[in-house]
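The sequence and the structure are shown first, and the description follows.

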Amino acid sequence: MNDAFPRTDLSFAIEIARASGRIVMERYERLERISHKSPKDVVTEADHESEEALIRAIRARFPDDGILAEESGQHLARHTGAPTDGHGRTWILDPLDGTINYANGIPYFAVSVGLVVDGRPSVGVVLDPVRDELFAATATGPATLDGRTIEASTKDKLSDCVVALGLSGRRVTSRARSTRKAVRVTRSMGSSALSLAYVANGRFDAFAQQSGQSSWDVAAAGLVAERAGACLTDFAGGAWFDIARPGGRWGVVAAPRRLHAALLGLVGSDVEIGAVAATSESA
């Protein structure tokens, strides 16, 4: 891959994320309309306005690219078809990750902009507009926070780790209890993208979110965490990103490389620890 292209794309992703973040902050604690997407999820006018601004900017600059956005879904690429086919360039957008926090005035939410090329994350930007912090990475460069290179946690004991945790499925109560006993403390913050980005500079030592994830939750933040040195897999110990995977059944585990297998053994429901260890070592 020619690194000149990711750097150009990264600059553009940063530009549109910041513009989108300004829209989000203009509406923060001034919302006029909150709608229910489901019994436990909401959407605001800020989600829609932020996403529309992102899509307009991409269409103006890269009219041939595909787009996959949380609120409006797939926007076909001119030459390669559906974004979830995994061919060509696809921008993956979450205009406001952590909408429930946002709607309730809790200052923990983010704008996420990712670029996937031929099914592989190439550029990732996660903006916290409240703190004006921008996490970014390309597939061939370092992870950065506001332009400074950052590194993920290198702790070698689970008992020292602060973990962003969200579990579901079989034996969830016992798995959550075992995980909490094994680590220093767990947190559930309400924005997957921002919590996963926090792995990139060690604010969270690890992240384990079992379900409810979609491409727009993890594409950008996962790339940032990976380029910072974290080991990432899904809950079966396989690839952490698959653009064709349906939303809602996606899980990601990110942790220091030497601790990843142990954490996955705790949080996973159907994976043999030995198989996980082999996968983590080869990741």
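## Aromatic pairs and their surroundings

Phe-241 and Trp-250 are both buried. In this predicted model, their ring centres lie 5.5 Å apart with the planes at 45°, so the pair is classed as tilted. A charged group accompanies this pair: the charged end of Arg-245 sits over the ring of Trp-250, 5.3 Å from its centre.

In total, the protein holds 11 aromatic pairs. One of them joins Tyr-108 and Tyr-198 in an edge-to-face arrangement, 5.8 Å from centre to centre and with 90° between the planes. This pair links distant parts of the chain, since the two residues are 90 residues apart: Tyr-108 belongs to the loop between α3 and β6 (110–117), and Tyr-198 to helix α5 (residues 192–199). Tyr-108 and Tyr-198 are each buried. Together with Phe-135 and Phe-204, these two tyrosines form one aromatic cluster. Tyr-198 also has a charge over its ring, supplied by Arg-203 at 4.8 Å from the ring centre.

| Charged residue | Ring | Distance to ring centre |
|---|---|---|
| Arg-203 | Tyr-198 | 4.8 Å |
| Arg-245 | Trp-250 | 5.3 Å |

## The five-stranded sheet

An open sheet of five strands runs in the order β12-β11-β13-β15-β14, with mixed pairing. Its edges are β12 (185–187) and β14 (231–233), each of which pairs on one side only. On average, neighbouring strands in this sheet are turned by 20° against each other, direction ignored.

Strand β11 (residues 162–166) pairs with β12 in the parallel sense, over three bridges. Within this pairing, Val-162 has Val-185 of β12 as its bridge partner. Helix α7 (residues 257–267) lies across β11, β13 (206–213), β14 and β15 (250–255), and runs at about 140° to β15.

## Thr-99 and the chain as a whole

Thr-99 is part of helix α3 (residues 99–103). Is Thr-99 buried or exposed? Thr-99 counts as buried because its relative accessible area is 8%, under the 20% limit.

The protein contains eight helices and 15 strands. Of its 283 residues, 52% are buried. Among contacts between residues at least 6 apart in sequence, 62% join residues at least 24 apart. The accessible surface comes to about 12300 Å², with 48% belonging to carbon and sulfur atoms.

Conventions: Residues are numbered from 1 along each chain as its sequence is written. This is a predicted model: local features need pLDDT of at least 70, side-chain atom pairs count only at pLDDT 80 or more; totals for chains, interfaces and linings use all residues. Side-chain values use heavy atoms; hydrogens and water are left out. Helices (H or I, at least four residues) and strands (E, at least two) are DSSP runs, numbered from the N terminus. Buried means under 20% relative accessible area, exposed over 50%, partly exposed in between (1.4 Å probe, protein chains only). Two strands pair if DSSP finds at least two bridges between them. Axes are lines fitted to C-alpha atoms, for helices over the stretch in contact, and angles run from 0 to 180 degrees between N-to-C directions. Contact means heavy atoms within 4.5 Å. Accessible areas come from the Shrake-Rupley method with a 1.4 Å probe; for residues, only the protein chains shown count as cover. Rings of Phe, Tyr and Trp (its six-membered ring) pair if their centres lie within 6.5 Å; planes under 30 degrees apart count as stacked, over 60 as edge-to-face and the rest as tilted. A charge sits over a ring if NZ of Lys or CZ of Arg is within 6 Å of the ring centre and within 35 degrees of the ring normal.
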